[in-house]
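My notes follow, in the order I looked.

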Amino acid sequence: MIWTIARREIVTRSRSKAFIGMTAVLFVGVIAVALVQVFINSDDGPRQVTIGLVGGGAEAGETLELGNDDLDPTVEVVDTVDTGEARLQDGSIDVLFDGEALTWKGLPDFALDGYVRDSVQQAAFAQRAQDLGLSEADLAALFAPVELDEVRLDGGDDEFGVRLAAAGVAGFATFMLLQVWGSFLMMGVIEEKASKVVEILLSQVRPSTLLGGKVIGLGFLALVQMLIFVAGLVVGLLLVQDIAVPGSVWGSVPLSVLTFLLGFGFYATAYAAVGSMVSRQEDATSAQLPVMFPLLAGYFIAATSIGAPDNLAVTIGSFVPFTSPVLLPFRAAMLDVPLWQLAASLVILAASTVLMLRFAGWIYRFSILRTGSRVTWIEAWRNRRDPVL
Amino acid sequence: MRPGSESDGLRIVDLAKRYGAVVAVDGLDLSVPRGGLIGFLGPNGAGKTTTMRAVLGMVRPDRGSITWQGRPIDDDARRRTGYMPQERGLYARMKVREQVAYFGQLAGMRRRVAEARADAWIERLDLTERAGSMVQELSGGNQQRVQLAVSLVHDPELLVLDEPFAGLDPVAAETMRRIIAERAAAGVSVLFSSHQLDVVEDLCDEVVIIADGQLVASGLITDLRSASATRWLRVRWTQPVERWTPLEGVIESFDGRTAVVRLDRDADVAASIADALSAGPVSEVALEPPRLDEIFTELVGSGHLRSKRTEAGS
């Protein structure tokens with residue numbers, strides 16, 4: 001029975017324009033982010049460029065042909081500045097150098113600009129050294145680089161980018177999906193209550209079965225969207241080349257899925273309980289505030305702690321079940337959290353989810369057949385042993 | 001009604017439920033045998049809906065037992081029950097066929113079977129052309145038909161219908177009446193509440209009347225009639241009579257040629273007729289039992305219910 005209910009939720013909801021649109025936007029967005037990563041990290045060798053050289057710059061020609069990691073230049077000698085400019089116009093050379101000035105067709109290419117200036121400088125140094133009678137060895141000694149050690153008080157933060165990406169998925173995606181799907185579930189509960197169809201449903205199935213089926217159905221769709229986020233993140237992390245992705249970031253990926261599922265159980269049933277207490281969609285906005293605030297608080301703490309995630313609010317919040325679905329994976333992605341703390345937080349969240357299922361179940365059973373004015377929390381709690389009307 | 005054992009069908013014994021200070025049902029006994037068709041009557045707030053919800057497990061009784069086929073009614077038995085709540089409800093944005101089949105599945109039918117049964121009822125109820133429409137696009141009358149299909153799709157053995165005739169146009173009411181009678185004839189136990197007492201009188205032999213959560217009367221309508229304190233004497237003269245004062249009873253209407261007199265049960269009918277004959281030549285004399293609505297008003301309408309409670313019938 002519970003699967004029949006879950007299936008209806010999945011079928012009707014996945015047909016809705018809102019779901020299709022939201023999933024499509026997510027999918028395209030994640031693909032776009034992954035493609036940008038690929039583009040940034042693509043390494044197809046130095047770029048081919050052509051430098052036009054007029055008379056006076058000839059002594060720099062040899063140096064200019066050397067090239068570097070990024071650029072593979074070809075030097076072409078042109079007779080006059082006028083011919084050079086003509087070739088700039090038709091695009092057969094990228095820059096024109098006459099010993100005095102660099103001429104561009106339009107905006108300078110910064111990499112090429114720097115390269116040409118450096119090369120000219122090198123050539124000039126070599127020429128002046130020769131003029132002064134310095135040997136190659138003297139020159140090398142003169143320009144021997146001074147090696148400086150780098151000490152960073154933050155212990156090296158090259159990983160900040162990947163940590164932030166993982167924390168973004170954990171924090172933002174979890175918050176957004178819990179909020180959106182929690183509201184969907186609440187609206188669904190109100191729809192059944194307001195249309196009175198719930199009375200026929202409850203003549204066939206128990207309230208726990210009905211609620212359970214709805215949570216499973218919508219939870220499945222929410223999980224699909226969460227996995228789109230996670231897949232995007234994993235692809236992004238795999239494409240990162242220069243930086244070793246820290247183990248705790250990889251660990252935060254399955255962790256964020258786990259906390260998402262537990263958080264969904266926790267928040268979705270709370271939203272459903274709120275939905276069962278009101279009789280009209282119009283009352284939903286104010287009724288859902290007590291559930292929305294703690295979730296929002298978790299997101300707020302995460303958002304304001306990006307620069308310095310190692311603070312007390314994040315630490316405490318990653319243990320409190322109201323905020324831990326967002327803050328635990330956020331903290332695990334941003335910092336190296338001791339394993340026992342992860343385990344303790346997960347146990348607290350799992351236990352709280354079980355308690356919330358019970359609590360929300362009581363509220364739901366008592367409230368769902370009550371029509372008229374909004375059921376209060378106190379009223380629902382007092383009558384928890386005496387379900388429905 | 002088929003003969004059956006004590007345990008056959010639905011039996012409610014000593015059902016009680018209160019909400020805070022409000023007593024909804026107070027020691028109610030009621031039974032619906034297999035194939036029985038019981039009209040469940042009572043003024044608003046008498047406890048009919050609470051009783052029906054208790055049968056369907058939506059109200060936890062404070063006291064009493066509800067059994068089906070001799071065993072306490074459970075989820076299994078409830079899945080073989082069809083229910084039409086007083087406040088109708090369907091998914092507005094779900095297609096008719098899908099919706100009817102969905103409720104069949106909820107009652108434990110396989111999808112294919114549920115779809116086939118849905119199609120059968122949709123055809124029977126003249127909804128074939130609207131099978132692919134959303135419920136919200138249907139007229140009120142058609143929505144009622146879908147509601148009926150939902151309560152019947154899983155071939156229930158017990159039908160609990162709360163005001164099934166409320167809001168039906170005459171055509172739909174006739175369809176409803178025929179289907180209810182047909183289901184009962186097929187062995188389904190039917191308990192239905194209604195304020196349309198003419199329909200109840202026409203449809204079923206037996207009624208249960210409650211008020212203030214307690215049984216007021218139950219049994220065959222014919223027995224309730226003979227137990228009733230009232231009957232009507234109708235006299236028609238061949239020629240207009242100037243004035244006539246009946247020997248006994250209260251005159252209800254008199255238009256010169258026809259008089260209707262309300263007589264008490266122990267009134268001397270023969271003396272009253274003789275008295276009418278003495279007023280002039282009579283062409284027609286009839287002694288009529290009270291109609292169901294009159295019995296109902298007599299039993300529950302006068303305000304001091306508790307003193308008037310009677311046990312009548314089989």
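**Where the chains touch**

I began with the interface of this predicted model: 23 residues of chain B are in contact with 19 residues of chain A, a contact being two residues whose C-beta atoms, placed from the backbone, lie within 7 Å. On the chain B side, the elements giving two or more residues are α2 (75-79), β6 (81-84) and α3 of chain B. I take helices (H or I, at least four residues) and strands (E, at least two) as DSSP runs, numbered from the N terminus. Which element gives the most to that side? It is α3(B), with four residues. I also sorted the chain B side by type and got 14 nonpolar, three polar and six charged residues. For that sorting, Ala, Val, Leu, Ile, Met, Phe, Trp, Tyr, Cys and Pro count as nonpolar, Asp, Glu, Lys and Arg as charged, and the others, Gly among them, as polar.

**Ground rules and confidence**

Residues are numbered from 1 along each chain as its sequence is written, and chains are lettered from A and ligands numbered from 1 in the order in which they are written. As the model is predicted, local features need pLDDT of at least 70 and side-chain atom pairs count only at pLDDT 80 or more, while totals for chains, interfaces and linings use all residues.

The model scores ipTM 0.82 and pTM 0.76. I then checked pLDDT (the predictor's confidence in each residue, from 0 to 100). Chain B has a mean of 86, with 94% of its residues at 70 or more.

I traced an open sheet of six strands in chain B, ordered β6-β7-β8-β3-β9-β10, with mixed pairing. Two strands pair if DSSP finds at least two bridges between them. β6 and β10 (214-220) of chain B are the edges, each pairing on one side only. Strands β3 (residues 37-41) and β8 (residues 189-193) of chain B run parallel, joined by four bridges. What is the bridge partner of Gly39(B) in β8(B)? I found Phe192(B) there.

Helix α1 (residues 48-55) of chain B packs on this sheet, touching β3, β7 (158-162), β8 and β9 (206-211) of chain B, at about 150° to β7(B). Angles here run from 0 to 180 degrees between N-to-C directions, with axes as lines fitted to C-alpha atoms, for helices over the stretch in contact. Helix α5 (residues 140-152) of chain B lies across β6 and β7 of chain B, at about 160° to β6(B).

**Over to chain A**

Chain A has an open four-stranded sheet, β2-β1-β3-β4, again with mixed pairing. Its edge strands are β2 (71-78) and β4 (102-103) of chain A. Strand β1 (residues 47-54) of chain A pairs with β2(A) in the parallel sense over eight bridges.

Last, I looked at helices α7 (residues 160-194) and α12 (residues 289-304) of chain A, which pack at about 165° with axes 10 Å apart. That makes α7(A) roughly antiparallel to α12(A), since angles over 145 degrees count as such. The α7(A) residues in the contact include Phe175(A) and Leu178(A), and those of α12(A) include Leu295(A) and Tyr299(A). By type, the contact residues divide into six nonpolar, three polar and no charged.

Definitions and conventions: Angles under 35 degrees count as roughly parallel, over 145 as roughly antiparallel, 65 to 115 as roughly perpendicular and the rest as oblique.
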